[in-house]
Amino acid sequence: MRLLPRRVALLVGGALVLTGAGLSPPAPASSAGASSANAAPVLDWSRYATQAIVAGRPPASSEVLLGIVHIAIADTVAGLGYGRPFKFAVRPDHRASPAAAVATAAYGVLRARVPNAAGLDSTYADYLAGVPAGRAKDRGVALGRSVAAAVLAWRAGDGLGNTVPYVQRTPGPGVWEPTLPTPPVDIVLTQVRPLALRYRAQFRPDGPDALTSKRYARDVAEVASLGQKDSTTRTARQTETALFWSEQTAQQWSRTLLQLAADRHLSLSGAAQLLALAHVSAGDSVIACWDAKFHYLSWRPVHAVQRADTDGNPRTHADPSWQPLLNANHPEYPSGHACFTAGVTTALQAFFHTSHVRVGVSSLVTGTTRVYPDLSAVRSDVREARIVSGLHLRHSMVDGDVLGTQVAGWISARH
């Protein structure tokens, strides 16, 4: 399969392959040829990719990997003759099996980038066994391998496999210090090449509020009251909201996107485009977010409240025994969840051309489902959740939301 340059031309000899291992038993997708627009292969392999990637991996780096896989899926679907490619255009093959092509492209990327994924090989083999033998299947495998090879060559040396040591900045008022004895979560993203942005700091926000400002004091007082582990001002509903949004974020949003695509009965190309746009937007949003986090290194509420007597602000009040409801071991500003959620929802708004998208979100932590009337309601719920969790100041939530919106808006305008 010959690659045709779109924005970047790459000459590759084959897909990068490493050793590896399953996922939930596959239900083979439709084996129809390219005339079928059934979205099953895209939804199946998006789900398998999520299972392979999120196991034991933090949300932000998980989302970057999901973005890479979904670019491969989208460009494979475009290579079948459906829709526009996200990154790489290939000579269209209308006679290739969509199931074989999508499965092979996703598998090729996962095999290389998540080599220890349990059961990946058997999942692919079982899935492919469900596709009738013949030229359509063979052509699909060839198409998928071609796209996977191009994507892997493009992402070679992208920094995601780097080992990044953390060097503590001189401790003091406002300076973040680890809140757990383990390495800072996803610090590697400070060295990862974006998926679509020009550079990591392209939309870097202005930074946290001055410690002596009125708004900072107001935000500290709010989180000190509502986010305390044994708060008497936080309602039961607010506690449930905090826990609802504490699931591994990439897993929770991936499940939500798959359900949305199924509920909307999206076509093969529609599902591929939606998922690629959402996952790439979220992936670059967290890369930009982590760039800002480790640039500003702003302390978490746990230290802001405990050490308020050192911040030089007469409006704040120290409580050395204060503890948050939840904990996160990376700098506070800006909020990663706000960046992530704004990236996804802005992509959804661009795809559907409206913010009035009814979204159902479930949580494995609380075992409940929430149905939101529109995308702004999702963002509002996440904003409040992280404050009542004791994880973030309101200013961090607002700026994280703005950052994710800017990133996803920029990507959506180009894809």
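Hi everyone, let's start with the rings: a search of the whole structure turns up 14 aromatic pairs. Here, rings of Phe, Tyr and Trp (its six-membered ring) pair if their centres lie within 6.5 Å, and planes under 30 degrees apart count as stacked, over 60 as edge-to-face and the rest as tilted.

One of these pairs is Trp 45 with Tyr 124, which is edge-to-face, with 6.4 Å from centre to centre and 70° between the planes. Trp 45 sits in helix 1 (residues 40-54) and Tyr 124 in helix 4 (residues 120-129), so this pair ties together parts that lie 79 residues apart in sequence. Helices, by the way, are DSSP runs (H or I, at least four residues) numbered from the N terminus.

Are these two residues buried or exposed? Trp 45 is buried, at a relative accessible area of 0%, and Tyr 124 is buried too, at 11%. Buried means under 20% relative accessible area, exposed means over 50%, and partly exposed is in between, using a 1.4 Å probe and protein chains only.

Now a second pair. The ring centres of Tyr 166 and Trp 176 are 5.4 Å apart and their planes meet at 70°, so this pair is edge-to-face. Both residues lie in the loop between helix 5 (135-155) and helix 6 (214-226), 10 residues apart. Tyr 166 is partly exposed at 22% relative accessibility, whereas Trp 176 is buried at 0%.

Rings can also join up: ring pairs link Trp 45, Tyr 48, Tyr 107, Tyr 124 and Tyr 127 into a cluster.

A quick word on where this comes from. This is a predicted model, where local features need pLDDT of at least 70 and side-chain atom pairs count only at pLDDT 80 or more, while totals for chains, interfaces and linings use all residues. Residues are numbered from 1 along each chain as its sequence is written, and side-chain values use heavy atoms, leaving out hydrogens and water.

Next, charges over rings, meaning NZ of Lys or CZ of Arg within 6 Å of the ring centre and within 35 degrees of the ring normal. Arg 155 lies over the face of Trp 154, 5.0 Å from the ring centre. Arg 264 lies over the face of Phe 352, at 4.5 Å.

Which residues does Arg 264 bring us back to? Phe 352, whose ring face it covers.

Methods: Helices (H or I, at least four residues) and strands (E, at least two) are DSSP runs, numbered from the N terminus.
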